[in-house]
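Thanks for coming, everyone. Please look at the structure on the screen while I talk.

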Amino acid sequence: LQNRIRQYRGLEPIYDICGIEPMISRSLNRKVWLKSGGYLIIDQTEALTAIDVNSGSYVGSRSLEDTTLDINLEAVQEICNQLRLRNIGGIIVLDFIDMENAKNRERVYKAMEDTLRKDRARTNILKISDLGLIEMTRKRVQEDLVSSISEECPYCHGTGNIRAKHTVVYEIIREIQRVSNK
């Protein structure tokens, strides 16, 4: 690959030139906006990743079913993109917006299948259930993005929650009482 590599000599940071910084920050957010105004919510746990598709502010000009199909098809592209960028592996549950029409569910499933074929990681995908869920597994190629560029919060220890101010105040008062009793 040596003939394809060139040293960057510009004055601006290369991350700015290539638009890498916004991609990284977008890949660290729980909420990922779609161009249409819909969005994804990505929640990762130790053994499972849940991705929820929401319509957000998108209101299509056609029927509700067509609008839902449009959002779900756009979400398929972004989900596959996020799976690769974040290097998400393990069990993944995708919660698409419910579609009444079985043909539309099949279209979304086929789009997901086709898009995943481009992914280097080995995947196994099941058909969309009646609840609008796709269950899949993805073999992680290397360490996931979040783990490689972030560290666990010393306050919430990775739960995503920190204690409320009034709770902390009461803990401090109790600790003062303990120390003063000694």
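Which residues does glutamine 82 touch, not counting residues up to four places away in sequence? They are Arg26, Ser27, Val32, Ile42, Asn87 and Ile88. Contact here means heavy atoms within 4.5 Å.

A quick word on the model. It is predicted, so local features need pLDDT of at least 70 and side-chain atom pairs count only at pLDDT 80 or more, while totals for chains, interfaces and linings use all residues. Residues are numbered from 1 along each chain as its sequence is written, and side-chain values use heavy atoms, with hydrogens and water left out.

Back to glutamine 82. It sits in helix α3. Helices (H or I, at least four residues) and strands (E, at least two) are DSSP runs, numbered from the N terminus. Is glutamine 82 buried or exposed? It counts as buried, because its relative accessibility is 1%. Buried means under 20% relative accessible area, exposed means over 50%, and partly exposed is in between, with a 1.4 Å probe and protein chains only. The side chain of glutamine 82 also makes a polar contact with the side chain of glutamate 78, at 2.8 Å. A polar contact is a pair of N or O atoms within 3.5 Å; within protein, one must be able to donate a hydrogen and the other to accept it, and residues adjacent in sequence count only if both atoms are side-chain atoms. Leucine 28 is 54 residues away along the chain from glutamine 82, yet their C-alpha atoms are separated by 9.9 Å.

Now asparagine 87, one of the residues that glutamine 82 touches. Asparagine 87 lies in the loop between α3 and β4. It counts as buried because its relative accessibility is 7%. Its phi is positive, about 55 degrees, although it is not a glycine. Most residues other than glycine have a negative phi.

Next, the core. The largest nonpolar core has 28 residues. Such a core is a set of buried Ala, Val, Leu, Ile, Met, Phe, Trp, Tyr and Cys residues joined through side-chain atoms within 4.5 Å. Which element gives the largest share of this core? It is α3, with 7 residues. Isoleucine 79 is among the residues with the most contacts inside the core. Leaving out residues up to four places away in sequence, isoleucine 79 touches Leu40, Ile51, Val53, Leu94, Phe96 and Met112.

On to glycine 90, in strand β4. It counts as partly exposed because its relative accessibility is 31%. Beyond four places in sequence, glycine 90 touches Met136, Thr137 and Arg138.

Then lysine 127, in the loop between β5 (123–125) and β6. Its relative accessible area is 49%, so it is partly exposed. A polar contact of 3.3 Å joins its side chain to that of glutamate 106. Lysine 110 is 17 residues from lysine 127 in sequence and 9.1 Å away in space, C-alpha to C-alpha.

What about lysine 127 and its other contacts? Among the residues that lysine 127 touches are Tyr109 and Leu133, again not counting residues up to four places away in sequence.

That is the tour. Questions, please.
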